[in-house]
Amino acid sequence: MGFLDGVKKAGQLGYQALQEKRERIEQYKAKFDRLDDEALYRRWKSSSGDAQLACLFLLKERGYFDRSQDSYRQ
C-alpha cells in the first residue's frame, strides 16, 4: 500500500467516524426533543459527550443562546 492509499483510507475512516457521531447526536436529539426547556437545560448541564451536544443543539434551535454571548436566556 502506498502513502496516498494510506491517506485515502485514513480519510475514509475519519469521515465514517464523523457520520457515526452525527447519527448518535441525531438519536439523542430525537430522544430529548420531548423535554421541556428547563428539563432540557438540566440535562445539558448534567450530560457529557454526544448527549450534551444534542441538548445544546436543541436549546439553540429553541432560541436560548445569543450568538454574541452564548449565555442561557432564562
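**Notebook: salt bridges, aromatic pairs and one surface patch**

I began with Asp 33, which counts as partly exposed because its relative accessibility is 46%. The model I am reading is predicted.

Next I looked up the partner of Asp 33. Its side chain meets that of Arg 62 in a salt bridge, at 3.6 Å from N to O. Asp 33 sits in the loop between H1 and H2 and Arg 62 in the segment after H3, so this pair ties together parts 29 residues apart in sequence. Arg 62 is also listed as partly exposed, at 25% relative accessibility.

I then turned to the other salt bridges. A search of the whole structure gives six salt bridges.

I went through this network pair by pair. Lys 21 meets Asp 50 at 2.6 Å, N to O. Lys 21 belongs to helix H1 and Asp 50 to helix H3, so the bridge ties together parts 29 residues apart in sequence. Arg 24 also bridges to Asp 50, with the closest N and O atoms 2.7 Å apart. Since Arg 24 is in helix H1 and Asp 50 in helix H3, this pair ties together parts that are 26 residues apart in sequence.

Is Asp 50 buried or exposed? I have it as buried, because its relative accessible area of 11% falls under the 20% cut-off. Lys 21 is partly exposed at 32%, and Arg 24 is partly exposed at 36%.

I moved on to the rings. The count comes to three aromatic pairs. In one of them, Tyr 41 and Trp 44 have ring centres 5.6 Å apart and planes at 55°, so I logged the pair as tilted. These two residues are three apart in helix H2 (residues 37–46), which means they are separated by about one helical turn. Both are buried: Tyr 41 has a relative accessible area of 18% and Trp 44 one of 15%.

Trp 44 also pairs with Phe 65, edge-to-face, at 5.3 Å centre to centre and 80° between the planes. Trp 44 lies in helix H2 and Phe 65 in the segment after helix H3 (49–61), so the pair ties together parts 21 residues apart in sequence. Phe 65 counts as buried at 13% relative accessibility. I recorded Tyr 41, Trp 44 and Phe 65 as one aromatic cluster.

Last, I checked the surface. Phe 3, Leu 4 and Val 7 make a nonpolar patch of about 370 Å². Phe 3 is in helix H1 (residues 3–32) and is exposed, with a relative accessible area of 69%.

Technical notes:
Residues are numbered from 1 along each chain as its sequence is written. This is a predicted model: local features need pLDDT of at least 70, side-chain atom pairs count only at pLDDT 80 or more; totals for chains, interfaces and linings use all residues. Side-chain values use heavy atoms; hydrogens and water are left out. Patches are made of residues with over 30% relative accessible area and no salt bridge: like charges are joined within 9 Å, nonpolar side chains (Val, Leu, Ile, Met, Phe, Trp, Tyr) within 5 Å. Accessible areas come from the Shrake-Rupley method with a 1.4 Å probe; for residues, only the protein chains shown count as cover. A salt bridge is a side-chain nitrogen of Lys or Arg within 4 Å of a carboxyl oxygen of Asp or Glu. Helices (H or I, at least four residues) and strands (E, at least two) are DSSP runs, numbered from the N terminus. Buried means under 20% relative accessible area, exposed over 50%, partly exposed in between (1.4 Å probe, protein chains only). Rings of Phe, Tyr and Trp (its six-membered ring) pair if their centres lie within 6.5 Å; planes under 30 degrees apart count as stacked, over 60 as edge-to-face and the rest as tilted.
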